[in-house]
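Reader: Please take a close look at one part of this model, the aromatic pairs.

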Amino acid sequence: GLLHQDCAKIFRGGKSESDPVGVPMQLYRHQTEAIEAAATGDNYVLTTGTGSGKSLSYIIPIVDAVLRGGSGQGIRAIIVYPMNALANSQELELQKFLHHGFDKPKVTFRRYTGQESQEQREEIAADPPDILLTNYVMLELILTRPFEKRLVRAASGLRYLVFDELHTYRGRQGADVAMLIRRLRNRLTPVGSQSAIQCVGTSATLAGPGSFEEQRKEVAAVAGKLF
């Protein structure tokens, strides 16, 4: 009862072109806890091993939010990857879940990383998706180039801002990204706005030594500086 009923049809294991239906999916404990954390509206960070399904910890809550609010209401989530290869991989995963088994996707997404043609960029600006996959350099450009003003307007009232591989943003690059996030929040949540951006981070290596509680505090401190 925590998720929209269509999530059970979208997120199924083994989906492919030959088997668009797949089989029921059993979530891992850390994925379930992340979905519960997302439902509170609080910011959260998930640290867990590589290949353990970190992306579902934010994709499922994002899709759930779009299903509840209705698709086509502007950009509801921006997911930022440190490398285009990760964005490309996530695009394929979203195609598997959101396209297979449906005549028309219930939630839309597009990649906007600088690899796209001018025609594709025009399409995205003219018809913004519910979910935008990008990198931090392109996110900076979206905020500064006149051509992308339509995307900025479409993202007004953004619900989710996700930074994958949070540990990669350190030193000068980390400071740049932290300032970028502040500029983004100022642009998308004007003074007096009731909407609040929910920030999410994931990492396989962010947690350091110490007890579990000490690790939690350290991860929260790093995320607090960035977000």
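Reader: Is Phe 97 buried or exposed?

Author: Phe 97 is buried, at a relative accessible area of 5%; buried means under 20% relative accessible area, exposed over 50% and partly exposed in between, with a 1.4 Å probe and protein chains only. This is a predicted model, in which local features need pLDDT of at least 70 and side-chain atom pairs count only at pLDDT 80 or more, while totals for chains, interfaces and linings use all residues. Residues are numbered from 1 along each chain as its sequence is written, and side-chain values use heavy atoms, with hydrogens and water left out.

The structure holds 4 aromatic pairs. Rings of Phe, Tyr and Trp (its six-membered ring) pair if their centres lie within 6.5 Å; planes under 30 degrees apart are stacked, over 60 edge-to-face, and the rest tilted. One of the pairs is Phe 11 with Phe 97, tilted, at 5.2 Å centre to centre and 50° between the planes. Phe 11 sits in the loop between α1 (7-10) and β1 (12-13) and Phe 97 in helix α4 (residues 84-98), so this pair ties together parts 86 residues apart in sequence. Helices (H or I, at least four residues) and strands (E, at least two) are DSSP runs, numbered from the N terminus. Phe 11 also counts as buried, at 7% relative accessibility.

Phe 163 and Phe 227 make an edge-to-face pair, because their ring centres are 6.0 Å apart and their planes stand at 65°. Phe 163 belongs to strand β7 (residues 160-163) and Phe 227 to the segment after α9 (212-226), 64 residues apart. Both Phe 163 and Phe 227 are buried. Together with Tyr 136 and Tyr 169, Phe 163 and Phe 227 form one aromatic cluster.
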